[in-house]
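Please look over the sequence and the structure below before reading the briefing. The notes that come after them are grouped by topic and written for someone meeting this structure for the first time.

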Amino acid sequence: MKKLIEVRNLNIAYGGKAGWTNVVQDVSFEIARGEAFGLVGESGCGKSTVAYRLLGYGTINSLVQTGEVVFDGMDLLKLDTSALTRLRGNRIALVPQNPTTSLSPGMRVGSQIREMIATHRALPDGISMERRVVELFALVGLPDVGHRYPHELSGGQQQRVAIAMAVACNPDLLVLDEPTTGLDVTTQRQIIQLLCDLRASIGMAMLYVTHDLALLAQIADRVGVMYAGQLVEVAPCNELLAAPAHPYSRGLIASIPTVDGTDRQAGGLRGVLRRDQISTGCKFEPRCDFASGPCRTTPQVLQPVGDVRFVACMKWREAAVPQTPAGKPSQRVETTRQDTLLSVTDLNLSYRKPGSFDRFFRKSIPPVVRDIDLEVRAGEVVALVGESGSGKSTIARAISGRLPPQSGSVSLNGDLLAPALKSRSVEQLRQIQYIFQNPDASLNPRRRIRAILERPLDHFGIETNEMALAAVLDNVGLHAGYLNRFPDQLSGGERQRIAIARALLVNPKLLICDEILSALDVSVQARIVELLRSLKEKHAVAMLFISHDLAVVQQLADRVAVLYRGEIMQLADTGTLLGDSLHPYTEMLLDAAPGLSKDHYVSHPPAIPTSRAVPGIGCPLVGRCPRQVGSNCAETRPPVRQTGSGYIRCHVPVDELASPTVRPGLKPLSVET
């Protein structure tokens, strides 16, 4: 295949007047037209730094020491600003990791897409601008949301808008920087299917940067594995996943959690990347199970070990043994029944306040979350799962006091909590700590990490010292050297670990974890999950754990509440729910969870919903449900049916739901919540 872009011996350093530190070393790879190349590695390995250079981007404190990035015969590193502007968005487009900071908060999302098209004069002949914008929204599974501002959309919806903007001009190369970390599994599946379709229709090439190897398995032709700024293995995707050659690749794959509870951690990665401990030889030597004396002193570079495979390791033959995907089931300690810590009763939530018109005509405001009853016991982890826009974060906001409820109540230790955050006591604020999904928006960019960690301690009057700060950083896979850095000197995953450490410092009774692992690589995820388990078991810290990753939920949660369009569809013990899902919507989520087999993931293409549910009338799953029968589902709210460890909301009797059914392809979201 013809090369579209080639990276040659790229070396990049960060620094300034005090000196420069090499962070990317001798990186070389190529991407052919229509090919999807994956770049994978732990947080801070340099994969995003390399990816942004494919668009000619670089921060003011970064320097390309040597190397070339040749796109269609042009070295992007030598082009001036005007030439790069003509290329960006038109021939090379970017889907960033964080749509919250990449979309302009003061512009409607439709206007932002129109601006992209108009800038590059990329409107197809015979198609109006408005029609093209609507087509792009439909392409990413959205209705026409062009009139909305970014803050009126969920995180997953914002990411789909960012993807629609990136593909608006049918680029030759699409650079995707962790594009699905904040998306639920069903939306991930639709996005992957969308990207596959775009490759087939317009021959678009892709550089896909991610830490999620399971997702990469669904789309990438070849994969480059990075460690500490260096490529350590490049191989066809199926070969890499079946038999990784480099010890680091092997550890990454062994760290991937599975929905069936298989324990893969025995062969996972140990320790974390610390650049201050890197030897003069192999950079992975301090963490490698196969290392010997020469590894510490002999630098390793990519060498061919086959026709299309390259490995930077002298021990690759010892490491390249077949992976054993199945091991012993992971042992998750079940929480014994204790006193109720958090109680949510008949909670109804809305973002809209009644205006004078509504009050005059006594018009009720329909809630976006309705009839929520939930309990969390001391030391228990209750997971909220569901697609983007289902109401998970909305419920968390109400519990934390950031969204006063329309009706209903929230109690902590039997004491009724004030609806608004400002009316709660200092002690109640300390006992409930919120870890946000997006660390870019929750960490002060003008404060060093030390000040960020010390602020809540000062606010709650808790004494601390250097050892305590270093210990909490160590718990989340960082070290004391980070205390003097600013957030923008950290990778996305490292910033999230700082946010987790800040919440843990004040010894809360309830942690609200809002997609806190979505930006972390699998090795750090495993470490954080172990930390959360320890807090739960040793200190009886309870958690409301919001996630779209059912494999992580299986590892940590005692019970799971499944939400769809603001209603709890099923509540059950974790083992029961994952082993015998019962509810059709839960089955959909489990079917959409990616595995390391492409056939498992894309064998059923998405379909179009046949009808749309009316909020508060009938079952919200109408139009998507494979078990839907007659008009009863659309016209009558489903009854609550008790099950062994919880309940479901469904018109179909439990004994019929328990019988096998043919599961059709997953239907796309109705995203009006």
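The model is predicted, and its protein chain contains 26 helices together with 24 strands. Of the 673 residues in the protein chain, 56% are buried.

**Helices α17 and α18**

- Helix α17, which covers residues 449–459, packs with helix α18, which covers residues 466–475, at an angle of about 110°, and the axes of the two helices are 11 Å apart.
- Since angles of 65 to 115 degrees count as roughly perpendicular, α17 and α18 are therefore described as roughly perpendicular to each other.
- On the α17 side the meeting residues are Arg450, Leu453, Glu454 and Leu457, while α18 brings Glu466, Leu469 and Leu473.

**Threonine 643**

- Threonine 643 sits in the loop that links two strands, β23 (640–642) and β24 (647–649).
- Although this residue is placed in a loop, threonine 643 has a relative accessible area of 18% and is therefore buried, the cut-off being under 20%.
- A polar atom of the side chain of threonine 643 lies 3.4 Å from the backbone nitrogen of tyrosine 647.
- If neighbours within four places in sequence are set aside, the residues in contact with threonine 643 are Leu571, Leu582, Ile648 and Val654.

**Cysteines**

- With a disulfide taken as a pair of cysteine sulfur atoms within 2.5 Å, the count of disulfides comes to zero.
- Cysteine 288 takes part in no disulfide, and the nearest cysteine sulfur to it, which belongs to cysteine 313, is 6.0 Å away.
- Cysteine 288 counts as buried because its relative accessibility is 12%.
- For cysteine 650, the closest cysteine sulfur is that of cysteine 625, and because the two sulfurs are 6.1 Å from each other, they are too far apart for a bond.
- Cysteine 650 also counts as buried, because its relative accessibility is 7%.

Key: Residues are numbered from 1 along each chain as its sequence is written. This is a predicted model: local features need pLDDT of at least 70, side-chain atom pairs count only at pLDDT 80 or more; totals for chains, interfaces and linings use all residues. Side-chain values use heavy atoms; hydrogens and water are left out. Helices (H or I, at least four residues) and strands (E, at least two) are DSSP runs, numbered from the N terminus. Buried means under 20% relative accessible area, exposed over 50%, partly exposed in between (1.4 Å probe, protein chains only). A polar contact is a pair of N or O atoms within 3.5 Å; within protein, one must be able to donate a hydrogen and the other to accept it, and residues adjacent in sequence count only if both atoms are side-chain atoms. Contact means heavy atoms within 4.5 Å. Axes are lines fitted to C-alpha atoms, for helices over the stretch in contact, and angles run from 0 to 180 degrees between N-to-C directions. Angles under 35 degrees count as roughly parallel, over 145 as roughly antiparallel, 65 to 115 as roughly perpendicular and the rest as oblique.
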